[in-house]
Amino acid sequence: MNNSPTVLEIDSKAIQHNLRFFKSKINSQTKLLVVIKAFAYGSDSVAIAKILEKEKIDYLAVAYANEGIDLRKAGITLPILVLHPQIENFENIFDYNLEPNLYNFQTLQSFGKLVKEKNLNDYPVHIKINSGMNRLGFRINDLKKLKNSLIELRHLKMNSIYSHLAASEDAQEKEFTQQQISDFDQMSDTLIDTLNYKPLRHISNTSGIINYPEAQFEMVRLGIGFYGFGNDKLETNKLKNVCNLKTKISQIQHIDKGETVSYNRKFKALEHSKIAIIPLGYADGINRALGNGKGYVTINNQKAPIAGTVCMDIIMIDVTKIKCKEGDDVIVFNQQDHILDFAKKTNTIPYEILTSISQRVRRKIV
Ligand SMILES: *Cc1c(COP(=O)(O)O)cnc(C)c1O
């Protein structure tokens, strides 16, 4: 049992709010898939999946097979798309009733063979089209051969055909994105022509939902927006922060002018100073680049900078000007702005800040 005061609180009210926001952005017939890869963007994928099951969303997606297996073992029954299945895991994918993305001829043939050996029909799979991201997916010149393969592999059921936008958040790339959307439209039509049923089509991630409402097709894939981040300040302000990282002050050191703090003595006290010792460090996801006053935490409603070098398990905070005592609450972040500040100072994006919170940190739904 982990009773540590260091906890990542997952705000279920914020989740409801964000879901409502995105449901209002899509047509009533458009299906909603929520992406809960990487522990639901660093939160808690089982807990989030349970909420989403109650909310009756249509689909879940994870990146890797083991993430889907964890969900099944926890009793989640929603359909789960595995975005990056690996041939080594196909047997597991099958056993746990997960739905693989088949993105090239090798994965298609290999999964097709497995399902045939099991004597099954209509096993749900998904076909990924590369429309310009150049990550996973079939290219336009694969289509002819792919059509023939789909005819051969009638025992597979293409639940969806999808693609991924490379720059849906970037207004400068509008032309490119619109080209991706129309290429996807055409390529998916060509494939659907060979089938006697209609798979779902989807291409939009969070920024796609916001910026390209015309590209909803039959489903959208919501990721970062669900966790509280839109593609600009305006959209983000309409969302609520889901993941709040909190802890408590372990100790307070009163140091004299001229003394130093932490490894390599990077913080030097210019006056008699008060230093709060906080029980989380870079092994918990507090990037070392946030040391030496770059990042801050909030104590008793005041911003307090990180003093000196970030340690593996601890950060020290300059609380010289803040009224506080041992055991007081520390908010590492509980607002999008704070996470965005961490991201900016460490040259990254909120996605990476959230997914970096290590599994050592306790999760709690509130
Ligand atoms: C991660 C991911 C998403 C979600 O993207 P967001 O920008 O977080 O909304 C959607 N589709 C695919 C294929 C992904 O890998």
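**View 1. The largest nonpolar core of this predicted model has 108 residues.** A nonpolar core is here a set of buried Ala, Val, Leu, Ile, Met, Phe, Trp, Tyr and Cys residues joined through side-chain atoms within 4.5 Å, where buried means under 20% relative accessible area with a 1.4 Å probe and protein chains only. Ile36, Leu60, Phe111, Ile127, Leu156, Ile299 and Ile317 have the most contacts inside this core. Because both domain 1 (12-236) and domain 2 (243-365) give residues to the core, it lies between them.

**View 2. Surroundings of Phe111.** With residues up to four places away in sequence left out, Phe111 touches Phe90, Ile93, Pro100, Leu102, Tyr123, Val125 and Leu156, contact being taken as heavy atoms within 4.5 Å.

View 3. Oxygen atoms of the ligand lie 3.3 Å from a polar side-chain atom of Arg135, 3.1 Å from a side-chain N or O atom of Asn205 and 3.0 Å from a backbone N or O atom of Gly223; polar contacts are pairs of N or O atoms within 3.5 Å. Of the 390 Å² of accessible area that the ligand has on its own, the protein covers 94%, with areas from the Shrake-Rupley method and a 1.4 Å probe.

**View 4. The contact between domain 1 and domain 2.** The domain bounds come from an automatic or database domain assignment, and the centres of the two domains, taken over C-alpha atoms, are 37 Å apart. Domain 1 brings 15 residues to the contact and domain 2 brings twelve. Together the domains bury about 1,200 Å², 69% of it on carbon and sulfur atoms, buried area being the accessible area (1.4 Å probe) that two parts lose on being put together, summed over both. Tyr41, Ile224 and Phe229 supply 39% of the area that domain 1 buries against domain 2, more than any other three residues.

**Notes.** Residues are numbered from 1 along each chain as its sequence is written, and side-chain values use heavy atoms, with hydrogens and water left out. In this predicted model, local features need pLDDT of at least 70 and side-chain atom pairs count only at pLDDT 80 or more, whereas totals for chains, interfaces and linings use all residues.

Conventions:
Buried means under 20% relative accessible area, exposed over 50%, partly exposed in between (1.4 Å probe, protein chains only). A polar contact is a pair of N or O atoms within 3.5 Å; within protein, one must be able to donate a hydrogen and the other to accept it, and residues adjacent in sequence count only if both atoms are side-chain atoms.
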